[in-house]
Amino acid sequence: MTLTEALNEQLKDESFKKEYEALDPEYAIISSLIDARKSNNVTQKQLSEATGIAQSDISKIENGSANPTVKLLQRLAEGLNMSLKVEFVPKSSVVVR
């Protein structure tokens, strides 16, 4: 059984599905940061130097063990020469990862 097949099986359980979907915003932020950093060919160390945020803190954000503030996310975006965009969307258009 593949990971995707196992996940799809677990998502049949409504309580599991609810908890999984609750984590989506956190995972979306993590993925966006990693994707933005990699698309700019920037290492965590380089981003740390550009923002003054400790490389260990950037690592914690990227591995999901930190809960960054919007202000911190703005600093990271600025360090990547990007803008931070936060939006509210109807639940029906939220994509499960």
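## Gln44 and its surroundings

The side chains of Gln44 and Gln55 are joined by a polar contact of 2.4 Å. A polar contact is a pair of N or O atoms within 3.5 Å; within protein, one must be able to donate a hydrogen and the other to accept it, and residues adjacent in sequence count only if both atoms are side-chain atoms. This is a predicted model: local features need pLDDT of at least 70, side-chain atom pairs count only at pLDDT 80 or more, and totals for chains, interfaces and linings use all residues. Residues are numbered from 1 along each chain as its sequence is written, and side-chain values use heavy atoms, with hydrogens and water left out.

Gln44 sits in helix H4 (residues 44–51). Helices (H or I, at least four residues) are DSSP runs, numbered from the N terminus. Gln44 is buried, at 17% relative accessible area. Buried means under 20%, exposed over 50%, partly exposed in between (1.4 Å probe, protein chains only). Neighbours within four places in sequence aside, Gln44 is in contact with Arg37, Gln55, Ile58, Ser59 and Glu62. Contact means heavy atoms within 4.5 Å.

## Salt bridges

The count is 3 salt bridges. The rule asks for a side-chain nitrogen of Lys or Arg within 4 Å of a carboxyl oxygen of Asp or Glu. Arg37 pairs with Glu62, with the closest N and O atoms 2.7 Å apart. Arg37 lies in helix H3 (residues 24–39) and Glu62 in helix H5 (residues 55–62), so this pair ties together parts that are 25 residues apart in sequence. Arg37 is buried, with a relative accessible area of 10%. Glu62 is buried too, at 10%.

Lys12 and Glu9 form a salt bridge at 3.3 Å, N to O. Lys12 is exposed at 61% relative accessibility, whereas Glu9 is partly exposed at 43%. Lys85 bridges to Glu87, with the closest N and O atoms 3.9 Å apart. Lys85 and Glu87 are both exposed.

## Packing of H4 on H6

H4 and helix H6 (residues 70–79) pack at about 105°, their axes 9 Å apart. H4 is therefore roughly perpendicular to H6, a label for angles of 65 to 115 degrees. Axes are lines fitted to C-alpha atoms, for helices over the stretch in contact, and angles run from 0 to 180 degrees between N-to-C directions.

In H4, Leu47, Ala50 and Thr51 meet Arg75, Leu76 and Gly79 of H6. The residues of this contact divide into 3 nonpolar, 2 polar and 1 charged. Ala, Val, Leu, Ile, Met, Phe, Trp, Tyr, Cys and Pro count as nonpolar, Asp, Glu, Lys and Arg as charged, and the others, Gly among them, as polar.

Terms used: Helix = DSSP H or I, 4+ residues; strand = E, 2+ residues; numbered from the N terminus. Parallel < 35°, antiparallel > 145°, perpendicular 65-115°, else oblique.
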